[in-house]
Amino acid sequence: MKVVTSEEIKKLDELAINSGISEEILMENAGSAVFYFLKSKFGLLRKFLIFAGSGNNGGDAFTVARLLSSHNAEVTLFTVSDTTKLKGSALKNFELLKNYPVEVLEFTSINRVLLLAIKEADVIIDGIFGTGLNRPINGKIEELIVEINNSGKPVVAIDIPSGVSANTGEVLGVAIKANYTITMGLPKRGFFAYPGCDYVGKIIVNHITYPPEITHSKDISVEIKIIEPYTARPTDAHKGSLGKALFIAGSSHYTGAPYFNALSFLKGGGGISYLATTEYVSKIVSERSPEIVQIPLKENKNGAISSEDIGKIIEFSKNVDVVAIGSGLSIDEDTEQLVLNVIQNVQKPLIIDGDAITIISKYKEILKKRTFDTVLTPHIGEFSRLTGLPVNEIKKDKFSALFKAMKEIQHLIVLKGEYSLIGLNGNIYINTSGNPLLATAGSGDVLVGTIASSIARKGNTLEGTILGTYIHGLSGDLLANEFKEGITALDILQNIPNAIRYYWEHYKELEGAFYERL
């Protein structure tokens, strides 16, 4: 499913209208989508309180009021903006309300009438502002939104919660905190960025009869993509046919990262997992997980992998399907030489994580020369070092930051966060699995191994990265169904097989739709 900006959805509306679908039909379809959701979710024997602005979002709200009233629901509607500014289909739908028993009131201030209406309402519907809002909300409308948010009543937003930026997820002063958002045409980028993602609630998408060529337009470069699972193991499967990975990771200060890397590859469906690390770390990991094949390396005075063994690592990489470097590696002259040599000489799909990202941030020209598939998995701090963009600027608009990075770095980038963004060749794929329980030490190391196993099993780096990222998040989502706190990277790792099973059983339900967190 494609994901759009406010400018893109406006253009799609124009394309739909030019194709013969009038604005009146689009507005009727939008209102009908909200009406049928309300009918299904709450029933019609309720008191509905609607707040409507003066734009097309208000027009949708007027349509909802008419449809509810025509089915004998009790409806009160407050106009929040100057109704003399209404025009087109919004004006027509407002005027139609004269024929229905809808109580239409003008919002002027926080007064007894308004507070009583909020108190008596069973459901509140937000149609104040739409996707075109680009200024902070203040004054009496700000006060109104605060009252709605404090009411404790279920809130349904039409298209987008008023006050959330459609493009960035920024809260423009104040915003409606919806329980449900019925979004029209296609979902908006701001639904998948903090803090907007905390305001939309459950997202329901209605295409409002857009022609398929519009909703699948190649001109839209952000989407949610569900990948088919890799194929089940054939009867004659053996460990070598299920994928082989080499993890170059760990140091005396970070002994957990290499363990999580290598074991999550096996948990994710890989066949053989090789770990190239110092002799000290190798001994610790082999005691915890004898399934991992060890390649002990010399250690320098800092407890990191010595540069003396670079040739040994490069040569061994020829025997595997995918290589990963950086998790818990530490940063010094030896590891710097190691990372640069691996990037220049390993001729296999390569995942660059953690300290290796920090190292390569100083040598981005080497990345430009690399011709083999490469995946970088930065968190926001590493992404800042990689791109030179300030963290605050990235947080303000992660999509724009990733688009900018892709112009300079011609490789796959997994920007980890509340919704991880996967970027390649000017396209962004939003990962919709995961939750804050994944914010724990070692979680990113598990992600590296899970991506590696999916790349090996799928035989496609982009699809494997999208699939592995989703499986990792899904493991956390399934755990969130049982626990509210206390999840560790080990829990996430051990739950990967369960997440794969769930994905195999349910992925067709997820295709073209949103994953409802369990």
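Q: Which helix gives the largest share of the lining of the largest pocket?
A: Quick heads-up: this is a predicted model, where local features need pLDDT of at least 70, side-chain atom pairs count only at pLDDT 80 or more, and totals for chains, interfaces and linings use all residues. Residues are numbered from 1 along each chain as its sequence is written, and side-chain values use heavy atoms, leaving out hydrogens and water. Elements supplying at least two lining residues each include strand E7 (202-206), helix H8 (256-267) and helix H17 (443-458) (DSSP runs numbered from the N terminus: helices H or I, at least four residues; strands E, at least two). With four residues, the largest share comes from H17.

Q: How much space lies in the largest pocket?
A: A pocket here is an open set of points on a 1 Å grid over the protein atoms alone, where a 1.4 Å probe fits, with protein on both sides within 12 Å along at least five of seven lines; lining residues have an atom within 4 Å of a point. This one has 49 of them, with Gly417, Glu418, Tyr419, Asn435 and Leu438 nearest its centre. Counting the space filled by probe spheres set on the points, joined across faces, edges and corners, you get about 1,400 Å³.

Q: Which helix gives the most to the lining of the second largest pocket?
A: This pocket holds about 1,100 Å³ of space. Of its 41 lining residues, Gly55, Asn56, Asn57, Thr131 and Gly132 are closest to the centre. H1 (6-18), H2 (23-42), H3 (56-70) and H4 (88-96) each supply at least two. Giving the most, with seven residues, is H1.

Q: Is Val339 buried or exposed?
A: Val339 sits in helix H11 (residues 333-345). Leaving out residues up to four places away in sequence, Val339 touches Ile325, Leu329, Ala356 and Ile359 (contact: heavy atoms within 4.5 Å). The cut-offs are under 20% relative accessible area for buried, over 50% for exposed and partly exposed in between, with a 1.4 Å probe and protein chains only. Because its relative accessibility is 0%, Val339 counts as buried.
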